[in-house]
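Work through the exercises below with the sequence and the structure open. Each task is followed by a solution in steps.

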Amino acid sequence: MISVRRAGSADADQLMSLRAVMLADLGRTTSGDRDWRRAGIALARELLGRGDVAAYVVDRPDGDGLAACVTGQIDQRLPGPRDPAGLRGYVYNVATLPAYRRRGYSRACMSALLAWFAARDVGVVDLRASAAGEPLYASLGFRRTADPAMRLHLPPA
């Protein structure tokens, strides 16, 4: 049995380390300036203390640190006919260290996060899937949407 626990502020550094692994797997550079990690650690500590953010983790079975993680956040939106509460969940920062992959750790973390969302009456959960992660998410019930996504990067103020 895989032991999953809710992350606390003491896990912020490890969550950011796993984030770097995830970003590298997606082909995004994580080298160079480390200010993003320091800022991320501080923000993770703050977010994990709020009621609308949760991270679930699996500790390394053979040492200190985390083997896997997932983070989720609840957003309040205006309700609609198919979403009367207007609560949306968003999944991000799904990562497993390479040495611990294919053991069910991400599935266990995702299942715990989905239960957390369900207990808070979240009606819709979104995520962005990598090619490697899509089979896991599909097996948990996620489906591709017909909605086209668009993005705008605003210049710094």
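Buried means under 20% relative accessible area. The model used here is predicted.

**Exercise 1. Identify the buried residues of α3 and state what they pack against.**

Step 1. Apply the cut-off along the helix: Y105, S106, A108, C109, M110, A112, L113, W116 and F117 of α3 are buried.

Step 2. Look at what surrounds them. The buried residues of α3 pack against the strands β1 (5-6), β2, β3, β4 and β5 (124-126), and against the helix α4.

Step 3. Look just past the helix end, where D121 takes a positive phi of about 60°.

**Exercise 2. Describe the largest nonpolar core and say which element supplies its largest share.**

Step 1. The core has 36 residues, and L15, Y56, V70, V91, M110 and L113 touch the most other members.

Step 2. Assign the core to elements: α1 (12-25), β2 (53-59), β3 (66-76), β4 (87-96), α3 (105-119) and α4 (134-139) each contribute at least two residues. The largest share, 7 residues, comes from α3.

Step 3. Take Y56 as an example. Beyond its neighbours within four places in sequence, Y56 is in contact with residues including V4, A68, V70, C109, L113 and W116.

**Exercise 3. Trace the strand pairing of β3 and decide whether β3 is enclosed or open.**

Step 1. On the β2 side, β2 and β3 run antiparallel and are joined by 7 bridges. V58 has A68 of β3 as its bridge partner.

Step 2. The hairpin of β2 and β3 has 6 residues between the strands, and G65 takes a positive phi near 105° there.

Step 3. β3 also pairs with β4, in the antiparallel sense, over 8 bridges. Q73 stands opposite Y90 in β4.

Step 4. Of the 11 residues of β3, 9 are buried, so the strand is largely enclosed by the rest of the structure.

**Exercise 4. Classify the ring pair of Y137 and F142.**

Step 1. The whole structure holds 4 aromatic pairs. In the pair of Y137 and F142, the ring centres are 6.2 Å apart and the planes stand at 70°.

Step 2. Planes over 60 degrees apart count as edge-to-face, so the pair of Y137 and F142 is edge-to-face.

Step 3. Check burial: Y137 is buried at a relative accessible area of 8%, and F142 counts as buried at 15%.

Terms used
Residues are numbered from 1 along each chain as its sequence is written. This is a predicted model: local features need pLDDT of at least 70, side-chain atom pairs count only at pLDDT 80 or more; totals for chains, interfaces and linings use all residues. Side-chain values use heavy atoms; hydrogens and water are left out. A nonpolar core is a set of buried Ala, Val, Leu, Ile, Met, Phe, Trp, Tyr and Cys residues joined through side-chain atoms within 4.5 Å. Buried means under 20% relative accessible area, exposed over 50%, partly exposed in between (1.4 Å probe, protein chains only). Helices (H or I, at least four residues) and strands (E, at least two) are DSSP runs, numbered from the N terminus. Contact means heavy atoms within 4.5 Å. Two strands pair if DSSP finds at least two bridges between them. Rings of Phe, Tyr and Trp (its six-membered ring) pair if their centres lie within 6.5 Å; planes under 30 degrees apart count as stacked, over 60 as edge-to-face and the rest as tilted.
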